[in-house]
Amino acid sequence: NWELSTDRANAARRAMQQSGLGPTQVTQVRGFADQQLRNPKDPEDPANRRISLLVHHLDKPGAGDATAPENPLPGAAGSAGATSGGAPPPAAPQAQTGGKKP
């Protein structure tokens, strides 16, 4: 379950990056395997096969194409830089997917 889940999460990350997401925008890739079920009453429910990607929004087009951010956030290697004035960017939305196994 862990291998399938993390492979699925990484496949989603690769697809998003091939479609234009910058390499520094993805800060977390998670596969939940058989943990933290969305529908605990039915462990076999396809909705339980979910992943989570945390992606930082960039204000400038092309800013995610740099190999290293100008102002990295403390403790977040590879994340998008802080906004002007040193304040951290707003919380990134979390995308979750569920569904049938590919």
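Which residues are buried in H1?

Guide: In H1, the buried residues are Ser5, Arg8 and Ala9, where buried means under 20% relative accessible area, exposed over 50% and partly exposed in between, with a 1.4 Å probe and protein chains only. Seen down the axis of H1, these buried residues fall within an arc of 95°, so they line one face of the helix; the arc is that of the directions from the helix axis to the C-beta atoms. On the face of H1 turned away from its buried side are the exposed residues Glu3 and Gln18.

This is a predicted model, in which local features need pLDDT of at least 70 and side-chain atom pairs count only at pLDDT 80 or more, whereas totals for chains, interfaces and linings use all residues. Residues are numbered from 1 along each chain as its sequence is written, and side-chain values use heavy atoms, with hydrogens and water left out.

Helix H1 covers residues 2-18, and its 17 residues should span 24 Å at 1.5 Å a residue, which agrees with the 24 Å between its end C-alpha atoms. The expected span is 1.5 Å times one less than the number of residues. Just after H1, Gly20 adopts a positive phi of about 120°.

The cover over the buried residues of H1 includes strand S1 (26-31) and strand S2 (51-55); contact means heavy atoms within 4.5 Å. The protein has one helix and three strands, in the order α-β-β-β from the N terminus on. Helices (H or I, at least four residues) and strands (E, at least two) are DSSP runs, numbered from the N terminus.

The loop between S1 and S2 contains Gln35, which counts as partly exposed at 39% relative accessibility. Gln35 and Asn48 lie 13 residues apart in sequence, and their C-alpha atoms are 8.5 Å apart in space. The charged end of Arg50 sits over the ring of Phe32, 4.3 Å from its centre; the rule requires NZ of Lys or CZ of Arg within 6 Å of the ring centre and within 35 degrees of the ring normal.

For the protein as a whole, buried residues make up 25% of the 102 residues. Among contacts between residues at least 6 apart in sequence, 65% join residues at least 24 apart. The mean pLDDT, the predictor's confidence in each residue from 0 to 100, is 71, and 59% of the residues reach 70 or more. Over residues 67-94 the pLDDT is below 50, and this stretch has 41 contacts in the model beyond near neighbours in sequence.
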